[in-house]
Amino acid sequence: MKTQSDLRAHLRAIDHRSYPAYKELRGSYDFGGFLLQIDHVQGDPFAAPSAVSVTVPAAQAAFPSAFLSPGHRRTALEDHLVRLFSREAEKYSGKARGSGKSGRMEVSRPGQEVLARSACTVSERGDVVFRMEIGFPANGRTINARELEKILFEFLPACVRAALYYRSVDRKQLKAGIDLSDDQLFIRQELGKRGLCAFVADGAVLPRESGVSDLPMRGAVPFYSPESLRVEMDLPHAGRVTGMGIKRGITLIAGGGYHGKSTLLHALERGVYDHIAGDGREYVIADNTAVKIRAEDGRSIVCDDISLFISNLPGGKDTVRFSTENASGSTSQAAAVVEAAEAGCRVLLIDEDTSATNFMVRDELMQRVIAPDKEPITPFISRARLLFEKNGISTILALGSSGAWFTPADCILQMDEYRPVDITEKAKEAAKAFSPSKEAAGEVSAGTSSAGGIFAGGSSAGEKSAGTPSAGEGPAGSAGNRTAAAAFLDPGPGLPAPRRILLPDRAFSGDRIKTKTMGRDGFVIDRRTVDLRHVEQLADSEQSAALAQCLLYAERRLMDGKRTLPEIADALLALIEARGPGAVAEGSYVRTGLAAPRKAEICAMLSRFRGLRVR
Ligand code: ADP
Ligand code: MG
């Protein structure tokens with residue numbers, strides 16, 4: 001093993017030589033309290049910075065063993081260390097200079113969500129590995145080794161000392177972070193036990209500072225649950241919390257414009273992740289399979305069975321194996337529902353603001369004028385009930401435009417000046433008064449006849465059938481509501497089981513594959529773009545970077561003509577869970593700057609890949 005003095009001597013020897021001499025530094029050096037490893041050296045000062053990692057052995061890092069078992073606590077510990085390290089590293093940014101990326105210390109900077117990151121992995125024994133990128137300094141293309149010496153012998157050790165030893169971190173703060181993660185996991189587990197889709201604590205701060213800042217809004221109206229939906233939980237550390245429990249079934253977030261509908265929905269979207277202390281959404285927890293779906297015209301779709309929503313397309317186009325390079329608003333949203341189900345989603349989150357109107361509802365007058373055989377779409381309103389009863393998929397929907405939804409909904413909230421009010425009964429009564437004949441008869445119009453015709457879909461609406469929800473998973477509504485709601489249950493079998501089996505796409509076979517991440521919005525591999533702008537629950541650009549690596553990995557080893565798309569996502573997740581997000585970039589030095597995506601986002605990425613080939 002080489003030592004730090006060896007490194008210093010070597011640095012002095014290569015000073016003023018031409019840039020490629022830096023390559024000789026690759027290797028491991030014992031720095032006493034930690035091991036420094038130079039994993040990859042950039043080719044020139046303008047290239048992507050060099051990859052450097054630090055390993056602090058368990059004996060010296062000395063974090064308590066209670067924090068180390070795999071799972072949420074260890075992720076919270078790792079997240080905490082990344083934040084400490086990056087805060088420290090910021091003090092030194094720009095202090096070493098030179099041309100190009102000289103002197104840059106690039107350390108992951110987490111946002112409000114707690115995510116597993118390749119930047120820091122702690123093993124079960126307690127060894128801490130921290131990865132970052134450093135721009136090796138140069139003047140022109142001449143090595144400036146004195147500057148690198150400053151970084152490696154002063155700045156870096158200072159960051160390591162401040163962040164990666166238990167003896168030097170603020171223990172109370174670290175413990176608070178771990179305790180919070182315990183409490184968040186507890187709430188997540190309670191959701192399942194209590195038949196809830198989501199929990200929003202009283203006092204939570206949902207709105208953000210601005211459209212470009214994820215920090216909490218100052219002076220916001222705190223969240224306050226309606227009495228009828230209030231639940232209590234006894235958290236292991238924080239004790240009793242109260243808040244709104246959204247039950248499984250169909251929930252509407254209604255209300256006037258600008259009253260906070262989208263803000264609540266957005267908080268639920270992000271509730272699939274844990275948030276740091278001080279965020280305001282610490283106890284806003286949603287079922288972690290929840291998927292926000294929306295219209296996304298222009299996207300590609302490969303072999304989705306969207307026939308539950310769309311049939312009889314012009315020209316007899318197949319909707320059982322539906323493919324297009326350029327989806328419409330409604331077909332893209334239908335595909336999003338089907339793909340979410342394929343990924344194992346239990347809750348759909350939908351905002352009217354980003355939906356295709358004709359996918360969501362169709363009013364009666366339109367049905368009178370446009371003959372049923374000229375309308376390929378059975379709107380989502382006619383299928384939401386079926387999705388819940390047959391596929392166990394709940395829907396939470398923010399909307400202000402169509403009262404037609406009052407009938408199939410189990411729970412109706414009105415956002416009133418940022419406060420939710422339970423208007424379920426009032427809205428149900430109004431809906432009855434609006435179409436008394438239909439409710440009395442308990443029947444649904446088959447298209448164009450009665451006032452209730454607004455809800456009817458293509459051909460099969462009209463059969464009244466009481467679904468058989470699985471035990472403990474019934475919707476929240478009263479018995480009366482169940483009857484009315486049953487009118488929305490089509491006799492059909494629900495969504496088909498996933499069956500898209502992926503074939504290899506041999507496009508990425510060269511040795512030098514260029515990958516470029518476009519922030520949170522997507523990535524390009526060898527000039528092929530995967531657009532993730534409308535995959536709204538991607539919270540971090542490091543998740544998109546990881547998705548790019550997931551695609552490469554899947555393409556090389558998992559798309560084999562045998563595995564289905566969700567099985568491929570499961571295999572990638574298993575790898576990430578076992579060895580951290582860097583595991584999907586194995587064999588490559590691109591192991592910094594990756595954060596764990598969810599299964600839903602891996603599936604969403606694969607589905608949007610234009611090279612996707614399905615058997
Ligand atoms: P809607 O979807 O009902 O039209 P939004 O959720 O978009 O309304 O909210 C409208 C505005 O109100 C946004 O600028 C949002 O940041 C702000 N807002 C939302 N919730 C709160 C709150 N609890 N306190 C203060 N402002 C809020
Ligand atoms: Mg809105």
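This is a predicted model: local features need pLDDT of at least 70, side-chain atom pairs count only at pLDDT 80 or more; totals for chains, interfaces and linings use all residues.
A backbone N or O atom of Gly260 lies 3.1 Å from an oxygen atom of ligand 1.

In Ser262, a side-chain N or O atom sits 2.9 Å from an oxygen atom of ligand 1. Tyr418 also reaches the ligand: one of its polar side-chain atoms is 3.2 Å from an oxygen atom of ligand 1. How much of ligand 1 does the protein bury? Taken alone, the ligand exposes 560 Å², and the protein buries 78% of that.

Now look at the shell. There are 13 residues around ligand 1. Those that come nearest are Val221, Tyr258, Lys261, Ser262 and Thr263. By class, the shell holds 6 nonpolar, 6 polar and 1 charged residues.

Next, move along the chain to a sheet. Strands of a sheet pair through backbone hydrogen bonds, either parallel or antiparallel. Here the sheet is open, with 3 strands in the order S27-S28-S29 and antiparallel pairing. Which strands stand at the edges? They are S27 (515–517) and S29 (528–531). Each has a single partner strand, so one side of each is left without a neighbour in the sheet. From one strand to the next, the twist averages 15 degrees.

S27 pairs with S28 (residues 522–525) in the antiparallel sense, over 3 bridges.

Technical notes: Residues are numbered from 1 along each chain as its sequence is written. Chains are lettered from A and ligands numbered from 1 in the order in which they are written. Side-chain values use heavy atoms; hydrogens and water are left out. Two strands pair if DSSP finds at least two bridges between them. Helices (H or I, at least four residues) and strands (E, at least two) are DSSP runs, numbered from the N terminus. Axes are lines fitted to C-alpha atoms, for helices over the stretch in contact, and angles run from 0 to 180 degrees between N-to-C directions. A residue is near a molecule or strand if one of its heavy atoms lies within 4 Å of it. A polar contact is a pair of N or O atoms within 3.5 Å; within protein, one must be able to donate a hydrogen and the other to accept it, and residues adjacent in sequence count only if both atoms are side-chain atoms. Accessible areas come from the Shrake-Rupley method with a 1.4 Å probe; for residues, only the protein chains shown count as cover. Ala, Val, Leu, Ile, Met, Phe, Trp, Tyr, Cys and Pro count as nonpolar, Asp, Glu, Lys and Arg as charged, and the others, Gly among them, as polar.
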